[in-house]
Amino acid sequence: MIVVTGATGKVGHELVRLLSEAEEQVTGLSRQPAPLPEGVRHSPADLAEPASLKEAFEGAEALFLLVAGEDPRAILDMAKAGGIRRVVLLSSQGAGTRPQAYRHAAAFEDAVRGSGLDWTILRPGGFTSNAFAWAEQIRADRTVAAPFGDVGLPTIDPADIAEVAAVILREAGHAGRTYELTGPGPVTPRERAAMIGEALGAAVRFVEQTREEARTQMLQFMPEPIAEGTLAILGEPTAAEQKVSPDVQRILGRAPRTFADWAARNIAAFR
Ligand SMILES: NC(=O)c1ccc[n+]([C@@H]2O[C@H](COP(=O)([O-])OP(=O)(O)OC[C@H]3O[C@@H](n4cnc5c(N)ncnc54)[C@H](OP(=O)(O)O)[C@@H]3O)[C@@H](O)[C@H]2O)c1
């Protein structure tokens with residue numbers, strides 16, 4: 001049995017689908033109900049309340065864990081008590097490049113490394129799916145407002161993260177490894193808006209926000225250190241944050257999906 005946390009999320013939902021298709025026994029875990037493939041058990045539980053995880057973990061062998069809740073050691077103790085022997089952590093590139101801003105993810109990494117379980121850590125950069133935040137404005141008036149219009153980053157498709165996680169959960173040889181996950185090349189916000197326009201068959205206007213405008217917007221849905229860390233990555237990325245990682249290609253035997261591919265598959269959200 002493999003327990004997948006974040007079963008309602010963009011990575012977790014796709015991972016549950018891939019594992020179930022491969023005929024693995026899967027439990028999808030989230031606080032909200034999740035529409036899951038037939039035969040997949042859903043476990044309503046909260047990572048912020050480790051005691052609530054007992055039933056989901058009982059008799060399981062592996063865990064796909066995301067960063068949520070405040071006590072990773074208590075989560076991992078529950079996992080071990082339930083019989084889990086392997087954990088794949090969905091961390092963040094920022095845990096390596098900006099450990100202070102991303103200390104929550106860094107603390108989960110430390111706990112996983114010290115857990116005594118076989119562990120693998122995934123460090124994705126920004127997700128292509130963050131462009132869903134533009135959907136309402138594109139639907140309303142074919143406009144994207146975003147900061148740092150000409151700074152390119154190799155954003156990663158969450159479907160690729162799920163595919164990498166599925167391989168790691170099913171095949172030996174990944175214990176003790178930390179993988180950096182990126183897309184195939186840097187794409188700027190202005191280029192991303194244009195690619196959505198191409199998939200729509202309509203021009204999408206790009207309006208560059210100031211850093212302050214973007215910060216005010218971000219603080220509505222993320223804590224201040226994460227907003228500051230995200231703005232720093234978007235505006236002044238380090239060489240490591242701009243670098244294309246070979247890890248998706250190595251693990252999947254194919255190049256990572258492009259932003260244009262993500263836009264084409266998800267265009268219904270922008271119509
Ligand atoms: N977006 C990015 O650019 C980016 C970059 C690097 C890393 N990441 C990391 O990737 C992870 C997943 O991202 P995503 O896009 O898949 O997010 P998402 O679509 O918002 O999904 C998050 C999932 O986590 C579950 N969840 C949240 N808090 C929980 C809790 N306390 N207990 C149990 N489940 C909980 C949610 O389900 P319920 O709400 O139903 O519980 C949901 O299924 C996040 O941890 C994020 O930090 C994201």
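This is a predicted model: local features need pLDDT of at least 70, side-chain atom pairs count only at pLDDT 80 or more; totals for chains, interfaces and linings use all residues.
Student: How are strands in a sheet held together, and which order do they take here?

Tutor: Happy to start there! Strands of a sheet pair through backbone hydrogen bonds, in a parallel or an antiparallel way. In this model, seven strands form an open sheet with parallel pairing, in the order β3-β2-β1-β4-β5-β6-β8.

Student: Which strands stand at the edges?

Tutor: Those are β3 (41-44) and β8 (177-181). Each has a single partner strand, so one side of each lacks a neighbour in the sheet. On average, neighbouring strands are turned by 20 degrees against each other, direction ignored.

Student: Could we look at one pair? How many bridges join β1 and β4?

Tutor: Three bridges link β1 (residues 2-5) to β4 in the parallel sense. Within β4, Leu63 is the residue opposite Val3.

Student: How do I read the buried residues of a helix, and which are they in α3?

Tutor: An α-helix has 3.6 residues a turn, so residues three or four places apart point the same way. In α3 (residues 72-82), the buried residues are Pro72, Ala74, Ile75, Leu76, Ala79 and Gly82. They pack against α2 (54-57), β4 (62-66), β5 (86-90) and α5 (103-113).

Student: What follows α3?

Tutor: Gly83 does, with a positive phi near 105 degrees.

Note on methods:
Residues are numbered from 1 along each chain as its sequence is written. Side-chain values use heavy atoms; hydrogens and water are left out. Buried means under 20% relative accessible area, exposed over 50%, partly exposed in between (1.4 Å probe, protein chains only). Helices (H or I, at least four residues) and strands (E, at least two) are DSSP runs, numbered from the N terminus. Contact means heavy atoms within 4.5 Å. Two strands pair if DSSP finds at least two bridges between them. Axes are lines fitted to C-alpha atoms, for helices over the stretch in contact, and angles run from 0 to 180 degrees between N-to-C directions.
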